[in-house]
Amino acid sequence: MALDRKDLAILAELTTNARASHTELANKVGLSSTALARRQKALEDDGYIQAYQAALDLTQFGLTTTVLVRIALESQSDEALKAFEAEVVKCPSVVRCFLMSGTDDYILIVLARDIQDFERIHRTELSRLPRVARVQSSFALREVVNRAVPTVVFGETKR
(Lines give C-alpha, C1' and ligand atoms only; values in the text may rest on other atoms or scores of the structure.)
Protein backbone atom coordinates (compact mmCIF):
# COMPACT_ATOMS: atom_id res chain seq x y z
CA MET A 1 0.00 0.00 0.00
CA ALA A 2 1.40 3.40 -0.96
CA LEU A 3 0.92 6.03 1.74
CA ASP A 4 -0.57 9.39 0.85
CA ARG A 5 -0.64 12.62 2.83
CA LYS A 6 -3.82 11.63 4.68
CA ASP A 7 -2.29 8.31 5.76
CA LEU A 8 0.84 10.11 6.97
CA ALA A 9 -1.30 12.65 8.84
CA ILE A 10 -3.20 9.80 10.55
CA LEU A 11 0.06 8.14 11.57
CA ALA A 12 1.51 11.43 12.82
CA GLU A 13 -1.57 12.06 14.97
CA LEU A 14 -1.57 8.53 16.36
CA THR A 15 2.09 8.79 17.41
CA THR A 16 1.17 11.71 19.66
CA ASN A 17 -2.23 10.41 20.84
CA ALA A 18 -2.96 6.75 20.16
CA ARG A 19 -6.18 7.03 22.21
CA ALA A 20 -7.75 9.63 19.92
CA SER A 21 -11.24 8.67 18.80
CA HIS A 22 -12.08 8.22 15.14
CA THR A 23 -14.06 11.48 15.33
CA GLU A 24 -11.10 13.41 16.78
CA LEU A 25 -8.68 11.97 14.23
CA ALA A 26 -11.10 12.53 11.36
CA ASN A 27 -11.46 16.21 12.30
CA LYS A 28 -7.71 16.69 12.56
CA VAL A 29 -6.87 15.10 9.20
CA GLY A 30 -9.91 16.25 7.24
CA LEU A 31 -11.78 12.97 6.69
CA SER A 32 -15.13 11.56 7.68
CA SER A 33 -15.11 9.16 10.64
CA THR A 34 -15.95 6.27 8.31
CA ALA A 35 -13.12 7.08 5.89
CA LEU A 36 -10.72 7.52 8.80
CA ALA A 37 -11.70 4.16 10.32
CA ARG A 38 -11.24 2.43 6.95
CA ARG A 39 -7.79 3.97 6.45
CA GLN A 40 -6.68 3.22 10.01
CA LYS A 41 -7.75 -0.42 9.61
CA ALA A 42 -5.80 -0.63 6.32
CA LEU A 43 -2.72 0.83 8.06
CA GLU A 44 -3.06 -1.85 10.74
CA ASP A 45 -3.65 -4.66 8.24
CA ASP A 46 -0.64 -3.60 6.13
CA GLY A 47 1.63 -3.54 9.19
CA TYR A 48 2.26 0.21 9.38
CA ILE A 49 0.59 0.22 12.80
CA GLN A 50 1.86 -2.71 14.82
CA ALA A 51 0.44 -1.90 18.25
CA TYR A 52 -1.06 0.74 20.51
CA GLN A 53 0.61 1.22 23.86
CA ALA A 54 0.72 3.61 26.77
CA ALA A 55 3.81 5.73 27.30
CA LEU A 56 4.51 5.43 31.02
CA ASP A 57 6.34 7.92 33.20
CA LEU A 58 8.88 5.45 34.58
CA THR A 59 10.02 7.92 37.24
CA GLN A 60 6.64 7.25 38.89
CA PHE A 61 7.90 3.67 39.34
CA GLY A 62 11.23 4.86 40.74
CA LEU A 63 13.22 4.19 37.55
CA THR A 64 15.16 7.46 37.35
CA THR A 65 18.50 6.22 36.02
CA THR A 66 19.14 5.31 32.39
CA VAL A 67 22.36 3.44 31.68
CA LEU A 68 23.87 2.73 28.26
CA VAL A 69 25.89 -0.46 28.54
CA ARG A 70 28.41 -1.38 25.86
CA ILE A 71 29.22 -5.09 25.63
CA ALA A 72 32.08 -6.77 23.82
CA LEU A 73 31.98 -10.55 23.51
CA GLU A 74 34.93 -12.94 23.61
CA SER A 75 34.05 -13.98 20.07
CA GLN A 76 31.69 -12.94 17.32
CA SER A 77 30.88 -16.53 16.39
CA ASP A 78 27.29 -17.41 15.67
CA GLU A 79 27.25 -19.57 18.81
CA ALA A 80 28.50 -16.69 21.01
CA LEU A 81 25.95 -14.26 19.58
CA LYS A 82 23.07 -16.71 20.00
CA ALA A 83 24.11 -17.60 23.56
CA PHE A 84 24.33 -13.94 24.56
CA GLU A 85 21.02 -13.01 22.92
CA ALA A 86 19.19 -15.97 24.46
CA GLU A 87 20.20 -14.79 27.93
CA VAL A 88 19.98 -11.00 27.58
CA VAL A 89 16.26 -11.20 26.76
CA LYS A 90 15.80 -12.72 30.24
CA CYS A 91 17.32 -9.67 32.00
CA PRO A 92 14.36 -7.76 33.45
CA SER A 93 16.22 -4.43 33.70
CA VAL A 94 17.27 -4.39 30.02
CA VAL A 95 14.66 -2.51 27.99
CA ARG A 96 16.53 -2.45 24.66
CA CYS A 97 19.41 -4.36 23.12
CA PHE A 98 21.11 -3.62 19.81
CA LEU A 99 23.60 -5.76 17.90
CA MET A 100 26.22 -3.26 16.74
CA SER A 101 28.91 -2.78 14.17
CA GLY A 102 32.23 -1.33 15.33
CA THR A 103 34.15 -1.97 18.53
CA ASP A 104 31.20 -2.97 20.72
CA ASP A 105 29.11 -6.01 19.90
CA TYR A 106 25.99 -4.85 21.74
CA ILE A 107 24.56 -1.75 23.34
CA LEU A 108 21.97 -2.26 26.05
CA ILE A 109 19.62 0.30 27.53
CA VAL A 110 19.11 -0.45 31.21
CA LEU A 111 16.72 1.30 33.58
CA ALA A 112 17.55 1.47 37.28
CA ARG A 113 16.37 3.29 40.38
CA ASP A 114 19.81 4.78 41.09
CA ILE A 115 23.52 3.94 40.96
CA GLN A 116 23.22 1.43 43.80
CA ASP A 117 20.40 -0.33 41.96
CA PHE A 118 22.53 -0.43 38.82
CA GLU A 119 25.32 -2.04 40.84
CA ARG A 120 22.84 -4.77 41.81
CA ILE A 121 21.72 -5.14 38.17
CA HIS A 122 25.36 -5.37 37.06
CA ARG A 123 26.10 -8.02 39.67
CA THR A 124 22.94 -10.13 39.28
CA GLU A 125 22.07 -9.71 35.59
CA LEU A 126 24.81 -8.29 33.39
CA SER A 127 27.86 -10.04 34.86
CA ARG A 128 26.14 -13.40 34.40
CA LEU A 129 25.67 -13.00 30.64
CA PRO A 130 27.62 -15.61 28.63
CA ARG A 131 30.70 -14.96 26.52
CA VAL A 132 31.18 -11.35 27.68
CA ALA A 133 34.74 -10.04 27.52
CA ARG A 134 34.10 -6.38 28.43
CA VAL A 135 31.29 -4.28 29.92
CA GLN A 136 31.38 -0.47 29.87
CA SER A 137 28.58 1.62 31.33
CA SER A 138 27.65 5.27 30.83
CA PHE A 139 24.97 7.04 32.85
CA ALA A 140 22.60 9.39 31.03
CA LEU A 141 22.49 12.79 32.74
CA ARG A 142 19.15 13.69 31.15
CA GLU A 143 17.06 12.78 28.14
CA VAL A 144 17.08 15.40 25.41
CA VAL A 145 15.02 13.69 22.67
CA ASN A 146 12.70 10.71 22.91
CA ARG A 147 10.71 10.11 19.75
CA ALA A 148 8.96 6.90 18.85
CA VAL A 149 9.20 7.88 15.18
CA PRO A 150 11.56 10.36 13.47
CA THR A 151 9.53 13.29 12.16
CA VAL A 152 11.06 12.90 8.69
CA VAL A 153 8.81 9.84 8.24
CA PHE A 154 5.79 12.13 7.99
CA GLY A 155 7.25 14.38 5.30
CA GLU A 156 5.17 17.55 4.97
CA THR A 157 3.21 16.84 8.16
CA LYS A 158 6.28 17.46 10.35
CA ARG A 159 5.70 18.89 13.79
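Is Gln 40 buried or exposed? Gln 40 is buried, because its relative accessible area is 8%, where buried means under 20%, exposed over 50% and partly exposed in between, with a 1.4 Å probe and protein chains only. The model is predicted, so local features need pLDDT of at least 70 and side-chain atom pairs count only at pLDDT 80 or more, while totals for chains, interfaces and linings use all residues. Residues are numbered from 1 along each chain as its sequence is written, and side-chain values use heavy atoms, with hydrogens and water left out.

Apart from neighbours within four places in sequence, Gln 40 is in contact (heavy atoms within 4.5 Å) with Leu 14, His 22, Leu 25, Ile 49 and Tyr 52.

The axes of H2 (residues 22-29) and H3 (residues 33-45) come within 8 Å and cross at roughly 100°, axes being lines fitted to C-alpha atoms, for helices over the stretch in contact, with angles from 0 to 180 degrees between N-to-C directions. H2 and H3 are therefore roughly perpendicular, a term for angles of 65 to 115 degrees, whereas those under 35 count as roughly parallel, those over 145 as roughly antiparallel and the rest as oblique. On the H2 side the contact is made by His 22, Thr 23, Leu 25, Ala 26 and Val 29, and on the H3 side by Ser 33, Leu 36, Ala 37 and Gln 40.

H1 (residues 5-16) and H2 have axes that come within 10 Å and cross at roughly 130°, so that these two helices are oblique to each other. Their contact brings together Lys 6, Ala 9, Ile 10, Glu 13 and Leu 14 of H1 with Leu 25, Lys 28 and Val 29 of H2.

Elsewhere, four strands form an open sheet in the order E2-E3-E1-E4, with antiparallel pairing, where two strands pair if DSSP finds at least two bridges between them. Strands E2 (94-99) and E4 (132-139) stand at the edges with a single partner strand each, so one side of each is left without a neighbour in the sheet. The twist averages 20° from one strand to the next. E2 is joined to E3 (residues 106-112) by five bridges, and Cys 97 stands opposite Leu 108 in E3. Helix H5 (residues 115-124) packs on this sheet, touching E1 (65-73), E3 and E4, and its direction makes about 130° with that of E3.
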